[in-house]
Amino acid sequence: MKTTTQVAVIGGGVVGCSVLYHLTKLGWSDVMLIERSELTSGSTWHAAGGFHTLNADTNMAALQGYTIRLYKELEEISGQSCGLHHVGGLTLATTPERMDFLTAERAKHRYMGLETEIVGPNEIKNLSPITNTDGVLGALYDPLDGHLDPSGTTNAYAKAARLGGAEIVLRNPVKALTPRADGTWDVVTEQGTVHAEHVVNAAGLWAREVGAMVGAVPPLHPMEHQYLVTDDIPLVYEHGSELPHVMDPAGESYLRQEGRGLVIGIYEQRCDPWAVDGTSWDFGHELLPDNLDRISEALEYAYMRTPCLADAGLKRIINGPFTFAPDGNPLVGPVPGLRNFWSACAVMAGFSQGGGVGLTLAEWMVEGEPSRDVFAMDVARYGNWTTRAYTRNKVVENYQRRFAVSYPNEELPAARPLETSPAYGVWKGQNAVFGQGYGMEHVNYFAPHGEEPYETPSFRRSNAHDTVGEECRAVRNAVGINETHNFGKYLVSGSGAEDWLDRVMAGRIPKQGRMTLSAMLSPKGRIIGDFTILRQNAETFRLAASFGTQAFHMRWFEQHLPEDGSVTVENISLKSIGFQIAGPNARELLSRVTRIDVSNEALPFMSAIETEVGQCDALIARVTYTGDLGYEIYVPPTQQLTLYQALTEAGEDLGLRPFGMRAMMSLRLEKAFGSFLREFRPDYMPAETGIDRFVSYNKPVDFIGKAAALQEKAAGPKRKLCCFVVEATDADVWGDEPIWREGEVVGFVTSGGYAHYVEKSLALGLVPVEMAVDGAEFEIEILGERRPARIAAEPLFDPKMERMRG
């Protein structure tokens, strides 16, 4: 075993071997994998081996498509068979809601290059004669679906990695991980110590234990999972070709052919978390005791859907653990707070996602950033707010919902509330319907008095539609109040703060008492943040951005801090909260609770001041995401309720009404304001999204991403973000719908919804720049129906910004 290496990958399952292979593929050959036992000793060896592309996140689906297409290349490189069976797959729908979901997924696939299709009961029967189609409305058919040999595939990755120069050390448990001052690591193993520039935690069932060695336990939990292998079934082996996979969400099961019989797996409601207090280092190639009682109800349903199962004998029962993150997606990327320590964990669908995970991590390490937006599996989508109980409860919920319809407006209940602001009780008393982001509760809307505070999950307009409209009109016609706790907020200070910000941010740095908007770019010019910068004094700045990207942004800041200590960055997201007030009566309301002059001349748009508001010492910022006249008022958490009382008492005769995030997102559409991770995300460049107006191309500083941004500007963007007015019926866009023109898909929707004040259904989306003309006509596919849409070049509300700036 060598004693130095560029990368030490811990864990010899399919994910660890994929990471190792992709590092060599991208040119790093001084890499090694350290495995405590044998390759596949964990979840990999007992996996059912299925693979599919279906995923609610389009980039995750694309990476799953990459993984599946990789296997033939892997066989050619390694000479090792992966045991591929490309048999296709059917996901059945037995309810209109499920058909809506599958139809929406099919629409996304149109611009992703995935050749899926919606099929009816007769086609289902032709593809899978053993399937009982009673009650089945249709299915999504994916020709890429199939299964493979888990051991063969893992060893193909390993052999290909060895051919690229990698070393694999087996039967060598890692005992400790010790960081050095220069950011490198001493990996202490049973066979000796390895000095590694980078360490990757791909330890699967033992990822928590490896994370604990460095004080960063990942938010994941193992679950028991059972599948059954039947004896030979004549209807199966007498069929002329191998049968496709059949996913039956109503029955919580998946089914595929295995030789002359079948494999059927269950994601049951009565599920069991495994190894709650940690995974024993002695666990490995054994299975867990069978527990057929746990899946008895689902098996009865499976016998109805696949009648030939009822007469089949059981060859074996596999009950083994595998890991989930709270939302079911992997945990990948640089671990926040640590140098050169990487995560490749919680990959519960290893043979659908392992290749994409390996590619992503290798790109990140070798090239500095992934080739696409991978926030959906970035380990930094979680922060230090996650608790073990939260993780466990969310993982159970996710397991139970493995085949559930994912509604775009649904707020899942498990492990909530976890974190709340002081105003939570006030809103709860006003019949608020809550959502959650990054562990924090926020108001979505306020249900009418006497009505249950619950929004019906739907792809169509929900029971919240009319109430959200009332909240929007209250803002536009009088004044609304909304919390500011769900913005990410950062305090940047020190003698080098201005110079540092000038390099990290692509926009200009404001003067004292003023604010600017700025994009933050990656070295390749991709959008990794859109920030408000407020300058409090010569050496102190406040930044505001998306609440859900705190760990993501803090990781970036810390990676780029100067070594001389001249700059400090503090996350103050929960230390500075308050309210925003917005609408034509907002200035009058503010004037009643403060002694300062709040006229437009004294407190103009994009300015800020520290002053008294009621009894509080507050920071007032003249800005609002509603696109109206508005102010954000920040105080310490201990004074939030005092501030609320002052504002509500002063605004009683001004029509003050609370509004939630549903109204906020509707109001921003009327101004065509973009949203981070929707219109602004690491897949996009500044000029194509319009955020280039917040990029100071001519400032002398060589800010991060400047060269790439200038190159895009000189060449001109190939596509452009536009606002569309859609002739919708009872369903509006949410995001990822295809945009059609003259029978071809030419673009896609980034986000949208119903704009209540202007009474229009709106969509924001990207289309070729030559088509981006005011009034140009398109069609946008909503739940399988193409609806007419036209480009609106100007915002539908306050296009000259007279209200917002006045």
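This is a predicted model: local features need pLDDT of at least 70, side-chain atom pairs count only at pLDDT 80 or more; totals for chains, interfaces and linings use all residues.
Student: Let's begin with H198. Where is H198 found, and why is H198 called buried?

Tutor: H198 is found in strand β11, which covers residues 192-201. Its relative accessibility is 7%, and buried means under 20%, so H198 counts as buried.

Student: What makes the pairing of H198 and W342 a polar contact?

Tutor: The side chains of H198 and W342 are joined at 3.1 Å. The cut-off for a pair of N or O atoms is within 3.5 Å, so the pair of H198 and W342 qualifies as a polar contact. The side chain of H198 also makes a polar contact with the side chain of E197, at 3.4 Å.

Student: Which residues is H198 in contact with, leaving aside its neighbours within four places in sequence?

Tutor: They are Q6, V7, A8, W28, N340, W342 and M365.

Student: Now salt bridges. How many does a search of the whole structure find?

Tutor: The search finds 41 salt bridges.

Student: How do you know that R476 and E670 form one of them?

Tutor: Their side chains meet with N and O at 2.9 Å. A salt bridge needs that nitrogen within 4 Å of a carboxyl oxygen, so R476 and E670 pass. This pair links distant parts of the chain: R476 lies in helix α12 (residues 465-477) and E670 in helix α17 (residues 661-670), 194 residues apart.

Student: Are R476 and E670 buried or exposed?

Tutor: R476 has a relative accessible area of 1%, so R476 is buried. E670 is at 0% relative accessibility and therefore counts as buried.

Student: Why are R401 and E410 called partly exposed?

Tutor: R401 is at 25% relative accessibility, so R401 counts as partly exposed. E410 has a relative accessible area of 23%, so E410 is partly exposed. R401 and E410 form a salt bridge, with the closest N and O atoms 3.2 Å apart.

Student: What makes D683 and R681 a salt bridge?

Tutor: Their closest N and O atoms are 3.7 Å apart, and the limit is within 4 Å, so the pair of D683 and R681 counts. D683, at 23% relative accessibility, counts as partly exposed, whereas R681, with a relative accessible area of 10%, is buried. Elsewhere, salt bridges that share partners join E224, E268, D272 and R294 into one network.

Student: Why is L92 called buried, and where is its place?

Tutor: The place of L92 is in strand β4, residues 89-93. Its relative accessible area is 2%, so L92 is buried by the under 20% rule. Leaving aside neighbours within four places in sequence, L92 is in contact with residues including R98, L102, I124, G138, V246 and R305. L92 and G138 are 46 residues apart along the chain, and their C-alpha atoms are separated by 6.1 Å.

Student: Which backbone features can I look for next?

Tutor: The peptide bond from R416 to P417 is cis, with omega near -5 degrees. P417 sits in the loop between α10 (388-400) and α11 (424-429).

Student: What is listed about phi for A275 and D798?

Tutor: A275 is not a glycine, yet has a positive phi of about 50 degrees. D798, also not a glycine, has a positive phi of about 50 degrees. A275 is in the loop between β15 (261-266) and α8 (296-305), while D798 is in the loop between β37 (785-791) and α20 (802-805).

Student: How do you know that A275 and D798 are buried?

Tutor: Again the cut-off is under 20%. A275 has a relative accessible area of 17%, so A275 is buried. D798 is at 11% relative accessibility and therefore counts as buried.

Definitions and conventions: Residues are numbered from 1 along each chain as its sequence is written. Side-chain values use heavy atoms; hydrogens and water are left out. Helices (H or I, at least four residues) and strands (E, at least two) are DSSP runs, numbered from the N terminus. Buried means under 20% relative accessible area, exposed over 50%, partly exposed in between (1.4 Å probe, protein chains only). A polar contact is a pair of N or O atoms within 3.5 Å; within protein, one must be able to donate a hydrogen and the other to accept it, and residues adjacent in sequence count only if both atoms are side-chain atoms. Contact means heavy atoms within 4.5 Å.
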